[in-house]
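Please read the following account with the sequence and the model side by side, moving from the sheet to the helices and then to the ligand.

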Amino acid sequence: MLQTVPAPPPPDVTPAAPAMLAIRGLHAAYGQSEVLHGLDIAVAPGEIVAVMGRNGMGKSTLMKTLMGILPATSGTIAIDGHDVTGLKSHARVARGLAYVPQGRMIFSTMTVQENIETGLTVTGARRVPEDLYAMFPVLLEMKDRRGGNLSGGQQQQLAIARALASRPKVLLLDEPTEGIQPSIIREMGRTLKAIRDARGLSIVVSEQVLSFAMDVADRVLVIENGAIVHESLRADIDEAQVARFLSV
Ligand SMILES: Nc1ncnc2c1ncn2[C@@H]1O[C@H](COP(=O)(O)OP(=O)(O)OP(=O)(O)O)[C@@H](O)[C@H]1O
Ligand SMILES: [Mg+2]
């Protein structure tokens, strides 16, 4: 007769909260030239992570690979537990990913309202939800103006509103402060935190401006030549050390 082996006791460690965005061993390349060399990043629900790095270090390549604009050569990307690595961009948006590209890329001949409406496609909604205009009152005032006639700061708000129109779980912003004046940068920081608090979404923002990252991020990563070379919680950050990574 077989002896029954007693079941092992359950492990007494509590598993960490599952990541809202989980990036594992991510590699990406332009043709033969590899730019991302195996990134591992986990972003918790409601967490704001800043990815900092100098020009050409791979920030936009990371964003484009997450969005499926550039295919990953290996590694995996999961949103809220669902692997999206093989999905096209629009399917990733349907899974909860949204993107504010570097340079904002708003449609300059379309009105503000039409720009936001382009973000609605995956939700099935026809009209811009009221709460988006409540978040960005200036866009309501300007809803019939052409996007190209807005200031840089207003265009950035428009790009964020368009991204939020798809009701994302994870919002990616690629250098949102680029070309924006300091007072507007501070306002943008407040807006992003308010959005996170109101919607509980996770945010990954690439940046070169340390003061902005210190303002918004819960955690700061530094990317150098396509690899994460430093990580710290905002509370523990050695600003001088991070500044050295960012200086040329
Ligand atoms: N379309 C492309 N084809 C080939 N190489 C590219 C392409 N886009 C970027 N690269 C290269 O990939 C590397 C990373 O570029 P990336 O645009 O990701 O940097 P970045 O951190 O976003 O820089 P920046 O702060 O200037 O926006 C650089 O060496 C860049 O020259
Ligand atoms: Mg870039």
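Two strands count as paired if DSSP finds at least two bridges between them, and strands (E, at least two residues) and helices (H or I, at least four residues) are DSSP runs numbered from the N terminus. This is a predicted model, in which local features need pLDDT of at least 70, side-chain atom pairs count only at pLDDT 80 or more, and totals for chains, interfaces and linings use all residues. Residues are numbered from 1 along each chain as its sequence is written, and side-chain values use heavy atoms, with hydrogens and water left out.

Strand β3 (residues 48–52) runs parallel to strand β8 (residues 202–207), and five bridges join them; within β8, I203 is the bridge partner of I48. Both strands belong to an open sheet of six with mixed pairing, ordered β6-β7-β8-β3-β9-β10. Because β6 (97–100) and β10 (227–233) stand at the edges with a single partner strand each, one side of each has no neighbour in the sheet.

Helix α7 (residues 182–199) lies across β3, β7 (170–174) and β8, and runs at about 140° to β3, where angles run from 0 to 180 degrees between N-to-C directions and axes are lines fitted to C-alpha atoms, for helices over the stretch in contact (heavy atoms within 4.5 Å).

Around ligand 1 there are 13 residues, the closest being G56, K59, S60, T61 and E175, where a residue counts if one of its heavy atoms lies within 4 Å. Helix α1 (residues 59–67) gives the most to this shell, with three residues.

Key:
Chains are lettered from A and ligands numbered from 1 in the order in which they are written.
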